[in-house]
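Subject: Structure for your review

Dear colleague,

I am passing on the structure we spoke about, and below it you will find notes on what came out of the analysis. Please read them with the structure open beside you.

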Amino acid sequence: MARNKYDIDETLQTEFNISHIRRLARYIKPYRKDMAMVIILMTLASALGMLTPRILMDILDVYIPNGDIKGIVFISLVLLVICLIISVILRMKISVTSRLGQNMIHTIRSDIFEHLQELPFSYYDDKPHGKIQVRVVNYVNSLSDLLSNGIVNTITDLFSLIFIVAFMLSINVKLSIICLMGLPLLMILVFIIKKKQRVAWQRLSNKSSNLNAYIAESISGIRVTQSFTREKENIRIFNDLSGEYKSSWMKAVTLNFLLWPAINNISTWTTAAVYVIGIAWLNQGMAGISVGVLAAMSGYIGRFWQPVNTLAGFYNSLLTAISYMERIFETIDEPVLVKDKEDAYDMPPIIGAVEFKDVSFSYEDGIPILNNISFKVKPGDTIAIVGPTGAGKTTIINLISRFYNLDSGVITIDDVDISDVTIKSLRTQMGVMLQDSFIFSGTIMDNIRYGNMEAEDEKVIEAAKTVRAHDFIEGLENGYDTEVNERGTRLSVGQRQLISFARALLADPKILILDEATSSIDTETEILLQEGLKRLLKDRTSFIIAHRLSTIKNATCILYVDEGSIIEMGTHDELIEKKGLYHELYQSQYQFLA
Amino acid sequence: MTAMQWVFSFLKKYRKRLIFAMFLATITAVTAIINPHISGTVVDDVIMNGNHKILPKLVLIMVLSTLIRTTIRFWFVMIFETTSQKMLFTMRDYVYRKFMRQDFNFYNTNRTGDLMSRQTGDMEAIRHFVAYVIYSVYENVLLFVVALVMIFIVEYRLALCMIAVMPLTIYVTYKQLISVKPAFHNIRQHFSSLNTFVQENVSGNRVVKAFAKEDYEIAKFNRENDGFRDAELNASRIWMKYVPVFEFLANALTVILYLVGGIMVVTGSMSLGKLVQVSGYLWMLNLPLRQAGWLANDYQRFVTSAEKVYSTISIEPTITDPEDAIVRERFKGDIEFSKVSYNIGEERILKDISFKVHAGQTIGIIGSTGSGKTTLMNLLCRFYDVSSGEITLDGINVKNIELYSLRDNIGIAMQDVFLFSDTIEGNIAFGRPDCSMEEVIAAAKVANAHDFILQMPEGYDTIIGERGVGLSGGQKQRISLARALLKNPSIIVLDDTTSAVDMETETLIQEELTKTIGKHTVFVIAHRISSIKDADQILVVEDGKIVESGNHDSLLARKGYYHRVFHHQYGDFDQYTILQKEMGV
């Protein structure tokens with residue numbers, strides 16, 4: 001799929017279909033007993049509600065004409081008790097439906113989040129992060145009402161509808177049919193606007209996703225925006241997106257609003273029809289039509305349209321929710337490309353022999369990134385990878401952690417094919433320091449501890465000392481307990497690199513991977529750091545990508561990579577002697593001194 | 001100004017429209033009585049008493065009144081909806097503008113996810129209030145009052161009995177409003193927190209995977225997820241105490257009516273007809289009571305969100321344009337720092353920094369990690385203000401220059417490269433969105449980015465992921481460099497811009513940059529000697545102070561920090577030349 005940006009609507013893989021409903025049902029299933037109970041109680045409550053008019057009729061027709069005050073008091077007490085029962089049932093309903101709704105949302109949100117954790121880098125690279133976030137938080141939230149009250153009310157209303165229709169039919173079939181004639185009329189209308197509604201709500205969900213993405217980027221990128229004095233342009237774009245959101249909202253919601261007047265008018269027409277035709281039949285003396293029948297019928301007509309009205313409301317919110325649901329399910333269905341084999345076993349403790357055998361790899365079909373890479377590393381070796389930007393250096397090390405699957409070839413660690421072991425057992429034994437050092441919001445202590453949650457404070461401090469971060473951390477206002485922001489904005493990039501270095505070390509990795517990990521660290525600190533590392537990494541294999549050749553020179557083996565192939569391989573001295581590309585690279589750093 | 005006043009200030013413009021809509025709502029509320037009344041008449045008069053002649057007239061009124069009523073209702077609901085959207089649009093714009101003006105300190109202390117919630121979830125609660133709650137409350141109150149008045153006219157004693165439940169209703173409403181407020185506050189808090197967590201998890205997905213911390217993240221997420229659910233449930237536990245009470249009060253009205261009314265009829269102080277008539281108005285009392293609990297909820301939800309948004313936008317940026325700010329299209333680029341210090345709380349970041357730069361010079365800055373190099377530049381751009389001392393540009397204190405003019409004259413390639421999820425072209429042209437394609441390409445060529453951009457699937461139209469993921473560190477830096485160069489500012493700041501670029505490319509970039517020497521004042525912050533060697537002036541910053549300054553040769557001769565760094569990086573230079581000689585190069 002092509003990359004997406006804030007002002008491009010996302011495409012939809014699968015439209016909403018019956019299987020989505022089935023999946024939704026799966027979320028409801030664990031609560032079906034609770035749900036059944038609430039529905040029974042609600043039906044009881046509405047039955048009790050229907051009883052009230054009868055009791056009132058008794059008061060008017062029997063007790064008052066008889067002057068029976070005692071009777072009135074008694075029946076009032078009965079009514080009061082019924083009111084109490086209804087209130088208690090309502091309370092139970094709120095309690096159960098909130099619990100059901102919130103729990104279901106909780107589960108859906110967990111599912112989408114857990115699935116997101118398994119999705120590859122490329123999924124995150126392809127779209128603005130705000131668009132992923134909106135699915136987990138906002139979209140899921142918008143299902144809450146549908147899943148709690150919506151379903152319970154709908155089923156309850158369906159039941160009362162069935163009851164009422166049964167009553168009506170039992171009184172008079174012909175009149176009932178007249179009343180029911182309104183339904184197909186309504187259906188036709190619903191059917192006509194349905195397609196428009198779907199399109200409108202899908203459009204809205206896209207627009208809200210775009211807006212969200214832009215807000216997220218605007219906040220994250222504020223420093224760049226301000227330094228480039230781009231505020232006005234941003235405000236213009238924001239208002240464009242916000243305006244699109246506004247107009248698609250109005251379109252979608254207007255269609256929804258049309259349903260209510262439609263039902264009201266149709267119900268009035270059918271009621272009128274029943275009156276007119278009923279009276280006409282009465283005058284004709286048609287069998288089965290009597291004054292009593294007509295009076296009773298007119299009572300039920302009103303009751304018949306009430307649940308229809310709420311059902312239509314449910315239908316509206318269902319249509320709304322569907323456009324969010326299909327997005328949520330789309331994310332949950334996103335295929336996981338890198339996953340454990342069925343018979344995957346845990347990687348035994350790594351000693352550190354790494355081998356690439358004829359490894360080829362491409363991110364997209366037809367655009368090869370690595371071609372037939374082969375090399376072998378002994379435990380404890382330090383491998384430096386050099387070469388021009390875009391040569392495939394980062395890709396090589398990403399493959400060691402199995403962030404991607406190979407097109408062909410095998411990577412083994414200690415003669416174990418890394419695709420045969422569980423990903424978790426593999427990655428926990430590696431310490432990867434990425435180009436982009438990400439700092440989570442929280443204390444510095446927490447950030448370093450991310451490498452190993454069980455580590456005690458002393459261990460954390462020790463790691464910080466090894467990477468020479470201890471001194472500057474101690475200099476901060478609260479030392480290790482200083483709160484840092486997401487991406488560590490109050491730290492310099494070099495400091496962030498040191499912290500993520502400490503984090504990688506704390507993980508006690510058997511294989512250490514440093515991807516331009518020290519590019520923003522000053523040379524003095526780097527040297528001290530390397531001394532500390534040397535001790536620490538004595539028996540560990542490490543891979544280093546760096547541009548400062550002083551960092552690379554002491555490696556056991558240097559790989560010169562270009563255009564996805566290893567062009568040169570050997571120690572610093574060997575490669576210098578070879579006078580090839582590495583030699584050229586090495587020379588270039590002295591060029592300016594000449 | 002309170003949060004409420006702030007929200008309502010956005011509605012002022014629409015006051016007339018809203019009053020008109022309220023007027024329409026009044027019509028529908030008052031005419032709500034027509035159809036039930038007609039139904040009653042049909043049953044009593046037409047069916048029971050056989051008065052068939054009036055039926056056509058009644059039916060016609062019924063159909064027409066429904067048509068008119070629903071049309072009017074649709075009309076005013078749309079007015080509220082449109083108004084709410086217009087207001088939301090203006091409010092979003094207002095909040096966004098405020099965000100754009102906020103200083104770095106604001107962003108250091110507020111989490112991205114929290115700020116996003118202000119623009120999304122909180123706005124939604126405000127929208128719902130304007131679009132729905134306002135007229136619903138009005139309609140319900142109106143319905144209730146109309147019914148009471150009708151009953152009062154028919155039989156004032158019954159009306160008094162009904163009013164007897166009013167104090168109780170008001171009390172319960174009040175109680176609910178009070179007790180549900182902290183619960184909603186709690187929900188908003190958890191929502192923000194959940195939002196922030198997800199946002200960080202998505203941004204940090206590479207770290208999560210690299211450390212195989214998916215399980216940990218999931219566990220942490222579940223805590224957030226639980227927290228949010230529990231906050232919601234907690235709130236529902238509060239309103240499930242009150243909503244049934246309203247339901248009970250509504251139903252109790254019926255009981256009161258029949259009990260009191262029945263007794264009155266029996267004792268002869270009221271006619272049966274009146275009782276029947278009053279019971280016809282009963283639903284108009286019941287409906288509002290049933291709604292009261294839910295509306296109280298909606299109201300409080302709105303108040304909480306409005307307060308959240310308001311408190312966020314009430315924070316004033318500390319860095320603002322001075323009065324009579326100096327506006328200048330282009331500055332020459334003479335810069336002077338005199339006795340500049342900068343503290344964060346107790347921490348002294350910069351101490352007594354003084355140096356002078358002439359327009360067109362190149363200044364190299366080197367020093368250990370966290371020594372304050374970037375801060376120097378942040379102060380120059382007024383991202384922060386100096387704690388003491390002053391910085392002048394062309395002899396003018398930067399604090400007296402309009403922020404826009406100042407920053408527009410400085411092009412920064414920041415250390416922490418941030419790219420937007422946009423095309424490469426869009427990213428390079430970020431500072432000058434309307435510039436021509438040729439200019440973009442020219443800037444990319446200087447930054448040595450042109451070639452690799454052309455190799456990308458769609459060249460300059462390739463969309464790069466947020467924060468430039470999908471590009472290597474060096475590629476990102478080069479795009480960021482091109483972005484800064486395209487601005488063609490009088491001052492260029494290159495903060496560690498080539499650290500992830502290989503040596504050969506760096507040399508090429510430097511060759512290109514040398515061509516423009518003298519046109520801009522250039523600051524180069526770097527760790528590699530090669531990046532700053534040719535600078536007119538090199539500052540060595542250590543621990544917030546300038547410890548050495550001079551040019552390459554004079555600094556080497558000083559045998560201090562600079563000399564040490566040089567040796568670390570090129571210590572084997574002598575050895576290397578020997579090697580070359582040996583090999584006969």
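Two residues are taken to be in contact if their C-beta atoms, placed from the backbone, lie within 7 Å. Please keep in mind throughout that this is a predicted model.

With that criterion, the contact between the two chains draws 142 residues from chain A and 136 residues from chain B. On the side of chain B that touches chain A, the largest share, 26 residues, is supplied by helix 11 of chain B, which covers residues 214-266. Sorted by class, that side of chain B holds 63 nonpolar, 44 polar and 29 charged residues.

Setting aside neighbours within four places in sequence, Val198(B) is in contact with Gln133(A), Val136(A) and Val137(A). Is Val198(B) buried or exposed? It counts as buried, because Val198(B) has 25 C-beta neighbours inside 10 Å, and the cut-off for a buried residue is 20 or more. From Val198(B) to Ala212(B) there are 14 residues in sequence, and their C-alpha atoms are 17 Å apart in space.

Turning to the chains one by one, chain A has 21 helices and 12 strands. Its radius of gyration is 35 Å, well over the 25 Å that the globule rule gives for 594 residues, so chain A is more spread out than a compact globule. Along the principal axes, the C-alpha atoms of chain A fill a box of roughly 120 × 55 × 50 Å. Of the 594 residues in chain A, 47% are buried, and among the contacts of chain A with a separation of 6 or more, 80% are between residues 24 or more positions apart.

The domain assignment divides chain A into domain 1 (16-332), domain 2 (347-429 + 509-528 + 536-594) and domain 3 (439-508). The centres of domain 1 and domain 2 of chain A, taken over C-alpha atoms, are separated by 59 Å. Helix 10 of chain A (residues 231-284) has 54 residues and reaches 79 Å from its first C-alpha to its last, which is close to the 80 Å expected at 1.5 Å a residue. Just after helix 10 of chain A comes Gly285(A), with a positive phi of about 70°.

For chain B, the secondary structure comprises 23 helices and 12 strands. The radius of gyration of chain B is 36 Å, whereas a compact globule of 585 residues would have one near 25 Å, and the C-alpha atoms of chain B fill a box of roughly 130 × 55 × 50 Å along the principal axes. Buried residues account for 49% of the 585 residues of chain B. Of the contacts in chain B between residues at least 6 apart in sequence, 78% join residues at least 24 apart. Here the domain assignment gives domain 1 (14-313) and domain 2 (413-488), and 51 Å separate the centres of these two domains of chain B, again over C-alpha atoms.

As for the interior, nonpolar side chains tend to be buried together in soluble globular proteins. In this model the largest nonpolar core has 218 residues, and those with the most contacts inside it are Ile428(B) and Ala482(B). Helix 11 of chain B gives the largest share of this core, 21 residues. Beyond its neighbours within four places in sequence, Ala482(B) is in contact with Ile428(B), Ala443(B), Ala444(B), Val446(B), Ala447(B) and Ala449(B). Another core lies apart from this one and has 82 residues, including Met347(A), Phe472(A), Ala502(A) and Ile566(A).

Finally, two backbone angles may interest you. Arg468(A), a residue other than glycine, has a positive phi near 65°, and its place is in the loop between helix 15 (457-466) and helix 16 (470-475) of chain A. Arg468(A) is buried, with 23 other C-beta atoms within 10 Å. Asp543(B), also other than glycine, has a positive phi near 55°, in the loop between strand 11 (537-542) and strand 12 (545-550) of chain B. Asp543(B) counts as partly exposed, with 16 C-beta neighbours inside 10 Å.

With kind regards

Definitions and conventions
Residues are numbered from 1 along each chain as its sequence is written. Chains are lettered from A and ligands numbered from 1 in the order in which they are written. Helices (H or I, at least four residues) and strands (E, at least two) are DSSP runs, numbered from the N terminus. Ala, Val, Leu, Ile, Met, Phe, Trp, Tyr, Cys and Pro count as nonpolar, Asp, Glu, Lys and Arg as charged, and the others, Gly among them, as polar. The expected span of a helix is 1.5 Å times one less than its number of residues. Domain bounds come from an automatic or database domain assignment. A nonpolar core is a set of buried Ala, Val, Leu, Ile, Met, Phe, Trp, Tyr and Cys residues joined through C-beta atoms within 7 Å. A residue is buried if 20 or more other C-beta atoms lie within 10 Å of its own, exposed if 12 or fewer, and partly exposed in between; C-beta atoms are placed from the backbone. The radius of gyration is taken over C-alpha atoms; the globule rule is 2.2 Å times the number of residues to the power 0.38.
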